[in-house]
Structure formats: structure tokens, C-alpha cells
Amino acid sequence: MARGLVVRIFDELFALGAIQKGSIVVDPFGGIGTTGITAAPLGLRFIVCELESRFVELARQNFEKH
């Protein structure tokens with residue numbers, strides 16, 4: 001998912017009271033980890049799942065980078 005879209009989704013969920021700091025966010029199609037990377041600085045915990053090994057490796061690299 002594009003980072004800008006993830007930010008908009010989190011902003012809306014915070015505004016609705018659907019999530020708050022400490023909430024757990026699950027992304028069952030984690031890709032390269034954008035959801036988790038965006039969630040962490042907002043105080044959200046996250047679970048990211050991905051089956052494609054190439055995307056898992058890219059996600060690991062992105063988590064280390066960010």
C-alpha cells in the first residue's frame with residue numbers, strides 16, 4: 001500500500017476513535033512493510049504477514065532502515 005494512503009487510513013481511524021496509541025494493527029498482506037513502518041511512530045503495535053519471500057526480505061530491510 002502507498003504510504004500516503006496508510007497515513008490517511010490511520011488518521012481517519014484515530015479521528016473515529018477506532019484505534020488509539022497502543023492498539024494492534026494487523027496487515028495480512030504486508031508486502032514490504034509500509035503499514036508497520038507507518039504504524040510504529042504513531043504508537044501503534046503491528047503484525048505484518050507476507051508469504052512472498054522476496055517481499056519479506058524487502059520488509060526486513062525497510063524495518064532496519066526506518
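Select alanine 59 first. Leaving out residues up to four places away in sequence, alanine 59 touches Gly31, Ile32 and Gly33. Bear in mind that this is a predicted model.

Where does alanine 59 sit? Its place is in helix α3. Is alanine 59 buried or exposed? Its relative accessibility is 7%, and buried means under 20%, so alanine 59 counts as buried. Serine 23 and alanine 59 are 36 residues apart along the chain. Their C-alpha atoms are separated by 21 Å.

**Next stop: glycine 33**

Click on glycine 33, one of the residues that alanine 59 touches. Glycine 33 lies in the loop between β1 (24-27) and α2. How accessible is glycine 33? At 0% relative accessibility, glycine 33 counts as buried.

Show the contacts of glycine 33. Setting aside residues up to four places away in sequence, glycine 33 touches Ala59 and Phe63.

**One step along: threonine 34**

Move on to threonine 34. This residue is found in helix α2, residues 34-39. Threonine 34 has a relative accessibility of 17%; the limit for buried is under 20%, so threonine 34 counts as buried.

What does threonine 34 contact? Neighbours within four places in sequence are left aside here. The contacts are Met1, Ala2, Arg3 and Val6. Keep Val6 highlighted, as Val6 returns below in the nonpolar core.

**Back to helix α3: glutamate 57**

Select glutamate 57. Helix α3 covers residues 53-65, and glutamate 57 has its place there. Alanine 59 is in helix α3 as well. Glutamate 57 is partly exposed, with a relative accessible area of 37%, whereas alanine 59 is buried.

**Into the core**

Now select six residues together: Val6, Phe10, Ile19, Val25, Ala39 and Leu44. They make up the largest nonpolar core. In soluble globular proteins, nonpolar side chains tend to be buried together.

Pick out Ala39 within this group. What does alanine 39 touch? Not counting residues up to four places away in sequence, alanine 39 touches Phe10, Leu44 and Phe46. Phe10 and Leu44 belong to the core too.

**Zoom out**

The chain has three helices and two strands. In what order do the elements run? From the N terminus, the order is α-β-α-β-α. The radius of gyration is 12 Å, close to the 11 Å given by the globule rule for 66 residues, so the chain is as compact as a globular protein of that length.

Colour by accessibility. Buried residues make up 26% of the 66 residues.

Finally, colour by charge. There are 7 positive and 7 negative charges, and their mean positions are 5 Å apart. Among contacts with a separation of 6 or more, 43% come from residues 24 or more positions apart.

Notes:
Residues numbered from 1 in each chain as written. Predicted model: local features only at pLDDT ≥ 70, side-chain atom pairs only at ≥ 80, totals over all residues. Heavy atoms only, no water. Helix = DSSP H or I, 4+ residues; strand = E, 2+ residues; numbered from the N terminus. Rg over C-alpha atoms; globule rule 2.2 N^0.38 Å. Buried < 20%, exposed > 50% of the residue type's maximum accessible area, 1.4 Å probe, protein only. Contact = heavy atoms within 4.5 Å. Lys, Arg positive; Asp, Glu negative; His and termini not counted. Charge placed at Lys NZ, Arg CZ, Asp CG, Glu CD. Core = buried A, V, L, I, M, F, W, Y, C linked by side-chain atoms within 4.5 Å.
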